[in-house]
Amino acid sequence: DEGWPYDRGSFARLDESSDANFYTDPRFVYHVDDAAVKAIERAYTHRLRTLALTLGKNERDPLDVLDVASSWVSFLPPDVYAGSSATSRVCGVGL
């Protein structure tokens, strides 16, 4: 018989205190090292340039970006926010 293999205890948390306790203090940490940040920025730069060209834009034209991997920092290349790209719109969704 292949019934539901879990019981109520299977979903118990190690810390059953209120989640509000966890979020009381900000936790501004990096989850990757500097080399990884630079690699992600390079990958985004390449992908955004490719996307801009595909859309018939030049790489310095404004581009609207939904950043679903952001947190208190973004891994998007700095030029998305500066220079002639300053009119780009970026929406960051923290995880």
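This is a predicted model: local features need pLDDT of at least 70, side-chain atom pairs count only at pLDDT 80 or more; totals for chains, interfaces and linings use all residues.
**Notebook: salt bridges and aromatic pairs**

E16 is exposed, with a relative accessible area of 52%. My cut-offs for accessibility: buried is under 20% relative accessible area, exposed is over 50%, and partly exposed lies in between (1.4 Å probe, protein chains only).

Residues are numbered from 1 along each chain as its sequence is written, and side-chain values use heavy atoms, with hydrogens and water left out.

**Salt bridges**

I searched the whole structure and found three salt bridges. I count one when a side-chain nitrogen of Lys or Arg is within 4 Å of a carboxyl oxygen of Asp or Glu.

What does E16 meet in a salt bridge? Its partner is R13, at 3.8 Å from N to O. R13 also bridges to D19, with the closest N and O atoms 2.7 Å apart. I therefore logged R13 as partly exposed at 38% relative accessibility. D19 is partly exposed too, at 44%. R13, E16 and D19 form a linked network of salt bridges.

Next I looked at E41, which lies in helix α2 (residues 34–54). Helices (H or I, at least four residues) and strands (E, at least two) are DSSP runs, numbered from the N terminus. E41 pairs with K38 in a salt bridge of 3.7 Å, N to O. The two are three residues apart in helix α2, so about one helical turn separates them.

Is E41 buried or exposed? E41 is buried, at 15% relative accessible area. K38 is partly exposed at 47%. I then listed the contacts of E41 (heavy atoms within 4.5 Å). Leaving out residues up to four places away in sequence, E41 touches F75, L76, P77 and P78.

**Aromatic rings**

I found four aromatic pairs in the whole structure. The W4 and Y6 rings have centres 5.1 Å apart and planes at 70 degrees, so I call the pair edge-to-face. F22 and Y23 are also an edge-to-face pair, at 4.9 Å centre to centre and 85 degrees between the planes. My rule: rings of Phe, Tyr and Trp (its six-membered ring) pair if their centres lie within 6.5 Å; planes under 30 degrees apart are stacked, over 60 edge-to-face, the rest tilted.

W4 is exposed at 64%, while Y6 is partly exposed at 44%. W4, Y6 and F11 form one aromatic cluster.
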